[in-house]
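Morning, everyone. Please bring the sequence and the model up on your screens. I'll keep this brisk.

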Amino acid sequence: MSRAKKPAVGANVAKFCRESEAAAHNEAMAKKTVAIRAEAIWHERQGQLLISGRMAKDRQMDEMKEELACQRQELQIVRSQRLKELYAREAEQYELELNAIGLASASKLEDQF
């Protein structure tokens, strides 16, 4: 019968030290992983905010452009209406001036016939 080889003195202590070092290393890696994950989530959120901010700005710019177009159209209508009124007043004034000197415009002559 052969004798079982006795473990070296301090082998258990060396094994415990190696396991402790491995556990410490694993714990440090887990902490790094948690920190990296938190940073990745932060960066992802910042990207989302940036995109949504750009979208909001684009939407706001579209609304402003639409509002300006409506204002231009309304201004064009008002200007056109005022010009028609001005031309009507000037035509009336012209008729009065012609009547004052005893003349008539062609439109008055056409109305008579």
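Start with the whole chain. Of its 113 residues, 3% are buried. Buried means under 20% relative accessible area, exposed means over 50%, and partly exposed is in between, with a 1.4 Å probe and protein chains only. Now a word on what you are looking at. This is a predicted model, where local features need pLDDT of at least 70, side-chain atom pairs count only at pLDDT 80 or more, and totals for chains, interfaces and linings use all residues. Residues are numbered from 1 along each chain as its sequence is written, and side-chain values use heavy atoms, leaving out hydrogens and water.

The accessible surface comes to about 11100 Å². Carbon and sulfur atoms hold 58% of that. These areas come from the Shrake-Rupley method with a 1.4 Å probe; for residues, only the protein chains shown count as cover.

Next, the fold. The chain has 2 helices and 0 strands. Both terms are DSSP runs, numbered from the N terminus: helices are H or I, at least four residues, and strands are E, at least two. Helix H1 covers residues 11–100, and Asp58 lies in it.

How many salt bridges does a search of the whole structure find? The search finds 1. A salt bridge here is a side-chain nitrogen of Lys or Arg within 4 Å of a carboxyl oxygen of Asp or Glu. The partners are Glu27 and Lys31, at 4.0 Å, N to O. Both sit in helix H1, 4 residues apart, about one turn of the helix. Glu27 is partly exposed because its relative accessibility is 48%. Lys31 has 57%, so Lys31 counts as exposed.

Now two surface patches. Patches take residues with over 30% relative accessible area and no salt bridge, joining like charges within 9 Å and nonpolar side chains (Val, Leu, Ile, Met, Phe, Trp, Tyr) within 5 Å. One patch is negative: Asp58, Asp62, Glu63, Glu66 and Glu67. Asp58 is partly exposed, at 49% relative accessibility. The other patch is nonpolar: Leu83, Leu86 and Tyr87, with about 280 Å² of accessible area together. Leu86 belongs to helix H1. Its relative accessibility is 31%, so Leu86 counts as partly exposed.

Last, cysteines. The disulfide count is 0, taking a disulfide as a pair of cysteine sulfur atoms within 2.5 Å. Cys17 is partly exposed at 38%. Cys70 is partly exposed at 44%.

Note on methods
Lys and Arg count as positive and Asp and Glu as negative; His and the chain ends are not counted. The place of a charge is taken as NZ of Lys, CZ of Arg, CG of Asp or CD of Glu.
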